[in-house]
Amino acid sequence: MFFWQDPQFGDRMITLMAALVLVLQIMMVGQRWLVTNIRAFALQSLLLAGISCTIAYFNDARDLYIAAALMLLLKALLLPVMLRRLVARIEIRREIEPLVNVPLSVLISGLLTLLAYVVAEPLQARPAMGAAGLGRNTLPVAIALFLIGFFMMINRRKALTQVLALLSLENGLFLAAISLTYGMPMIVEVGIFFDVLVAVMILAILVYRIRETFDSMDVSRLSRLRG
Amino acid sequence: MIGQLAMILGQAALVLLLSPLITGFSKTLKARLQTRRGPGILQPYRDLHKLLRKGMVVPETASWIFSATPTVLFATTLLAGLMIPMVLAQAPLSMVGGVLAVVYLLALGRFFLALGGLDAGSSFGGLGSSREMTISAIAEPALMLAVFTVALSAGSTNLSLMAQAAVGQSWRFLAPSQMLAFAALFIVLIAETGRIPVDNPATHLELTMIHEAMILEYSGPYLALIEWSAWMKQMVLMTLLMNVFFPYGLSADGSPVGMVISVVLFVFKLALLVLAIVLVETTNAKMRLFRVPELLAVAFVLSALALISTFLFGGRG
Amino acid sequence: MSAVLAGLGVDRPMTILLLLLIPLVASGLTAVTRSRRMMESIHLLSALAAFGTAILLAAEVLANGESSSWSGYLYADSLSALVVLLAAFVYLVCAPYSIGYLRTDERNQVFGSEENGNMSLVKLRKYYTLTPLLAFSMFLVAVASNLGVMWVALEGTTLASIFLVTFYGRPTSLEAAWKYAMIGGVGLSMALFGTILTYYEVHQALGAESLTALSWQVITSHAAKFDHTVMRLAFILILLGYGTKAGLAPMHTWKPDAYSEAPAPVAALLSAAVLNSAMYALARFYVITVRCLGPSFPSQLLILFGLLSIGIAVPFILVQRSYRRLLAYSSIDHGGIMVLALGFGGVLGPLGMMLHMTFHSVTKPLLFFCAGNAQQRTGHDSLRKTAGGLLHTLPVSGPVFLLAALAVTGTPPFSLFQSEFLILRAGFSAHHEGWTALFVAMLVAIFGGFFYHISQLVLGPPNGPPDTETCKWKTYPVIGLAAVVVLMGFWLPGPVYALVKGAAQILTVHP
């Protein structure tokens, strides 16, 4: 048996990739450069595709290869390229002005991670199924991604970073779906990816048009409608 | 008893003799990467030899602390070096204390060094001391957290036990807590040894220097001792990093064959680590001093995450 | 049994498929059409055909109890049929109105001046392609038997309507669409998380790998076996998620903006039909959750969110300055009432909810039509600037506006009074006397505020020259719908009531 056929190795790899996904998420919270953020997001999606592939390989879940391929194509390649172009077009590179300063944001992210651990614990305590519950232990990371993404959406004022936060929040959902259920039924997966793609196209256009009309990407200036 | 003594003497000799070589190797390697010829691997030995023969100038304002500092620094660093498993899985002085003792022996040395810098009465010394303390105030928690993470999964703070615990498990080094702690410790290592993104050992520019500012007033044998301690500290920290996370090849029984393999692997691992550090040094620019805490904050976050992930992944982190 | 036979047989009913195809085809045809008149007729025809098919589907469901096609992936029972019928009805009444509305816009040169007539064609095509897509998504929400597909379809309603909210391209409409997209996106992510957790439970309980594992019929029948902690978490996420889509407080902030910035017929669709879709999704999960956890946990949450939504509407209605936003807050209030009714539970609660949904869907478009007419007449939607007199300036829409305002606030003899009264009774029979009293107090406050604003708007001395309201496309829907609203106060067609009762029965769960 080669070492890459060892389920324990697979388990280690999944855990490691999930941890890196979390590190990237926290890095996005603490990062000011937009391009670095996009790169971190792309890398995060790439790692998720990797996790998906690993689970697919060890659990013989064919569906997950398709999910991984979609993840790779759409979220690791296409979306980052689109976002990069958008950044180049609107000529904003260092535009992230969080409401809460960076050290405090990172601290809050850490606390949210702990919260995710508390929430996920009862689910993890249950008997595993499949090949020794491969990937089940990534659920806290999925919840943490979700929570931190949510926090980022609130914390960031710029339109593009909010889009990034939403996307990374959805990455958390993807991780939850593949780690809990080895992928939802195929048709749903495709639907989700389709939706994400269309949603991002709409958001990208919106961002562009907001820029055109308001000459700023600052969402806090979108406050004429009140009451 | 004799064996114990031999082990202590052997490791002391190893630390004393190998540490200048590591520095020399890293300087040469760095020079080569920058397409310079460099001073040659043995230059640190020659420096030591020269410094030890020279006379000293002691500032008039200096008290006994100024003279005690080099000795205390040298002694604490050497003692720390004896408490770390280098070639044998069992460190010669491991029964004296665990990793906490190592960390605080090094901290004691630094404390005296900072005092010595202040004691000389020059403004540069004070400046260097304050900077050193600022950095270590952030680097130390990161170091401690990372060390705790490893200790937690090993079930002991005794370095020898920690190294031995890591040997048996397959793929242990892939565990995220280990990886993150390793990354955190690597940043701490760079900060503690005064490497480029944090400090530049090759400059005396007052805007940036930290370590060099503290020892500006020292000369002759005192300077030799301080420099030698700095090299030993570098070696101690590097060994700590290598042997806690990758303890492969540590000789458990002390048989001659095992010892030879162990020494070869030890040197090889150190060389790899030096290469990594030098690569970081040549590809990065020196940070502004105010950015340094941010880098160390990253190390702190990484080690905190490492600690969290030991719990997060249900025993597999 | 008949469903199984229908699923296997060759001559199985294809009503559902037809229902989904009609708007899709209409949207596709509109996308390639060059003439404005063609677009309008396609739109009108598709609305008529969709409504006809919805009636067919309702009849089928009434006769057989259910209807399914595509080997069970599409499935309709009374609840689905009712939601589809209401959506198709709103789509139908919006179709002629939107023709008149958009023609007026074009005449007023809202899309730009005469020389770029191309621009207005682009805008019209956008409207006439996206609105059928919105209808398609709403139908799909109700007839998808798969919880995942249902989620996708609900996301589809958001996607189809974003560009309808930005229709006028004003900075404020971009802002509204931005909020709509972002808050809606987060909300739907939460709903997806809840769906994933539910699927995980199904996976644990059944070990099923097939597509049927997410079908809500299967999930409902096995819900008792699910883990309580997970389902509790799932329900909270679903409530927050679909609650955002339904505009429950405190996730309601997108709603006034989107409703006031979108064209009036789109706002009517969003308020009267998309709201139902979100409620439908919520109700499906409510049934699953009650089967698993018993009624008390979901009921408490629903009552909380319902009262919060009604409560948040009160101050905003009282101090409102724009009548379009006033209507949006009224929608938040009515969404809250529906959720509250579901939370009261028992036999009367679900019945009240379904009746309320039906009556609200009939009444709300009328208000938006009148508001749209008034806005197109004056060019703004400010209550203060209009300063009364709509009764004279708009001889048709003005009085109807007043009538609709009375109807929507639940004044007898209008139908919403009946459903609200039923919900009141449900609250008392569930022994929530305190909450029910609070509910009544808030309803009275909303009635006061709403009626004050609308009467200020409609009554009073004439303000400007009287208008004859020549555009028939705009007045006839208003008159027709007003007739339906009045009629419904006294007589609800038997089949519709049967459908409502069937739907309420599905939601009446005895764990």
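Visitor: How many helices and how many strands are there in chain B?

Guide: Chain B has 11 helices and 0 strands, where helices (H or I, at least four residues) and strands (E, at least two) are DSSP runs numbered from the N terminus. This is a predicted model, in which local features need pLDDT of at least 70 and side-chain atom pairs count only at pLDDT 80 or more, while totals for chains, interfaces and linings use all residues. Residues are numbered from 1 along each chain as its sequence is written, and chains are lettered from A and ligands numbered from 1 in the order in which they are written.

Visitor: What radius of gyration would a compact globule with 317 residues have, and what does chain B have?

Guide: The globule rule, 2.2 Å times the number of residues to the power 0.38, is set against a radius of gyration taken over C-alpha atoms. For 317 residues a compact globule would be near 20 Å, and chain B has 19 Å, so the value agrees.

Visitor: Why does Tyr329(C) count as buried?

Guide: A residue is buried if 20 or more other C-beta atoms, placed from the backbone, lie within 10 Å of its own, exposed if 12 or fewer, and partly exposed in between. Tyr329(C) has 27 such neighbours inside 10 Å, and therefore counts as buried. In chain B, buried residues make up 49% of the 317 residues.

Visitor: Which residues is Tyr329(C) in contact with, leaving aside its neighbours within four places in sequence?

Guide: With contact meaning C-beta atoms, placed from the backbone, within 7 Å, the partners of Tyr329(C) are Pro256(C), Ala313(C), Phe316(C), Ile317(C) and Gln320(C). Tyr329(C) itself lies in helix α13 of chain C, residues 323-344.

Note on methods
Two residues are in contact if their C-beta atoms, placed from the backbone, lie within 7 Å.
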